[in-house]
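Okay, thanks everyone, let's get going. Have a look at the structure on the screen, and I'll talk you through some spots in it.

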Amino acid sequence: MTRWGLIGASTIAHEWVIDAIRAVGGEIVSVMSTSAERGAKYAADHTIPKSVTSLEALVGDPEIDAVYISTTNELHRDQVFAAAKAGKHILCEKPLATGLDDARAMVEAARAAGVVMATNHHLRGAATHRAIRDAIAAGRIGKPIAARICHAGYLPEHLQGWRLDKPEAGGGAILDLTVHDTDALRFVLGEDPVEAIALTQHGGMAKSGLEDAAMSVLRFKSGLIAHFHDGFTTKYAVTALEVHGSEGSLLGSHCMTQKPVGTVILRNAEGEQALPLDHRNLYENTLAAFDAAIAGKGKPLCTGEDGVWSLATGLAVAKAAASGATAKIEPGL
């Protein structure tokens with residue numbers, strides 16, 4: 001059984017991760033919030049025994065084996081450093097940091113400390129994405145040549161905070177959504193992107209010069225090109241992940257989501273067929289793999305190195321949009 005400390009009394013932990021930890025047999029020992037009042041209420045609401053207000057108190061707790069970091073992005077670096085120094089295993093929200101040097105240093109700190117570090121790109125746990133990955137690996141669409149992701153929707157009112165008004169925290173659609181798209185395609189294709197071009201949009205929701213939508217095109221090492229539509233402002237869009245190959249296409253619908261839903265259609269010369277899907281809670285899949293990695297049985301679904309790749313791509317997309325030129329994707333791992 002893994003004993004957890006929560007760094008951040010967050011909405012995502014409340015909505016998804018706390019239940020997932022407990023569903024796979026974990027125990028939540030403590031939560032850290034810089035607000036004593038918020039932390040105490042959060043702990044009471046979620047039946048968590050301890051509430052602390054300092055990072056040192058949480059990572060120094062001998063009853064904790066692992067930490068889940070879900071604070072705003074600019075805080076992740078120092079929290080990972082502290083957890084690694086204390087010998088705690090680490091599950092960190094994406095993006096790992098707001099800068100690439102910081103993300104690399106975080107991964108190295110965990111490696112040097114001998115602790116497991118994972119990035120919480122939850123879509124690797126989706127049945128839709130696993131089915132697409134397996135079909136590509138089995139050669140069912142021939143050589144993949146193009147991909148498209150629609151990860152546009154409407155940002156719920158209760159999440160319309162720092163993502164829309166704090167550039168220093170890594171707000172905006174690119175670091176919130178494009179990083180997920182990147183990781184999803186790296187997962188299903190088994191290859192890495194090399195360059196990006198992009199345009200951003202300011203649709204009236206984001207402030208402080210942040211984008212609330214973006215469209216980008218990535219080129220992967222094999223020559224495959226991929227198009228992403230990411231945004232907070234489209235109330236009626238349907239999320240999708242498509243991969244088109246020389247011998248067929250895989251069409252995933254309603255699949256860029258935290259919920260265990262969606263369909264995948266394989267279309268080829270023989271017609272169309274729906275692929276069988278074993279829908280399970282995405283976060284439970286993530287937590288089960290994390291526990292196995294702690295036990296020395298395999299790797300997390302999404303490693304710290306994977307998190308560096310998705311951040312490097314998001315930053316390249318932002319650079320391309322700002323410059324109007326193609327930007328190289330260079331994680332530096």
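Predicted model: local features only at pLDDT ≥ 70, side-chain atom pairs only at ≥ 80, totals over all residues.

Let me start with a quick one: where does Thr71 lie? Thr71 is in the loop between strand 4 (66-69) and helix 4 (76-85); helices (H or I, at least four residues) and strands (E, at least two) are DSSP runs, numbered from the N terminus.

Residues are numbered from 1 along each chain as its sequence is written, and side-chain values use heavy atoms, with hydrogens and water left out.

Back to Thr71, which counts as buried at 15% relative accessibility. Buried means under 20% relative accessible area, exposed is over 50%, and partly exposed is in between, with a 1.4 Å probe and protein chains only. Leaving out residues up to four places away in sequence, Thr71 touches Ile7, Gly8, His76 and Gln79, where contact means heavy atoms within 4.5 Å.

Now the overall layout. The domain assignment gives domain 1 (3-122 + 285-301) and domain 2 (124-279 + 311-328), and bounds of this kind come from an automatic or database domain assignment. Taken over C-alpha atoms, the centres of domain 1 and domain 2 are 26 Å apart. The contact takes 19 residues from domain 1 and 21 residues from domain 2.

On to the cores. A nonpolar core here is a set of buried Ala, Val, Leu, Ile, Met, Phe, Trp, Tyr and Cys residues joined through side-chain atoms within 4.5 Å. The largest one has 67 residues, and those with the most contacts inside it are Ile90, Leu185, Leu241, Val243 and Leu250. Helix 8 (residues 173-189) gives the most to this core, 8 residues. The core also draws at least three residues from each of domain 1 and domain 2. There's a second, separate core of 24 residues, including Trp4, Trp16, Ala43 and Tyr68.

Let's zoom in on Leu250. Beyond its neighbours within four places in sequence, Leu250 is in contact with, among others, Ile132, Ile136, Leu241, Val243, Val264 and Leu275.

Ser30 is one I'd like you to look at. Is Ser30 buried or exposed? Ser30 has a relative accessible area of 1%, so it is buried. Ser30 sits in strand 2 (residues 27-32), and the residues it touches, not counting those up to four places away in sequence, include Trp4, Leu6, Ile48, Val52 and Ile64.

At the other end of the chain, Ile329 is in the segment after strand 15 (327-328). Ile329 counts as buried too, at 6% relative accessibility. The C-alpha atoms of Ile329 and Val194 are separated by 5.0 Å, although these residues are 135 apart along the chain. Among the residues Ile329 touches, not counting those up to four places away in sequence, are Pro193, Val194, Leu218 and Trp309.

Most residues other than glycine have a negative phi, and most peptide bonds are trans. Thr47 has a positive phi of about 55 degrees and is not a glycine. Thr47 is in the loop between helix 2 (36-45) and strand 3 (50-52), and it is exposed, with a relative accessible area of 65%. His254 also has a positive phi, near 55 degrees, and it is partly exposed at 46% relative accessible area. You'll find His254 in the loop between strand 12 (248-253) and strand 13 (263-268). Then there's the cis peptide bond from Lys94 to Pro95, with omega near -20 degrees; Pro95 is in the loop between strand 5 (89-92) and helix 5 (100-113).

One more loop residue, Ser246, between strand 11 (240-245) and strand 12. Ser246 is partly exposed, with a relative accessible area of 44%. Leaving aside neighbours within four places in sequence, Ser246 is in contact with Ile141, Gly142 and Lys143.

That's my tour, so over to you for comments.
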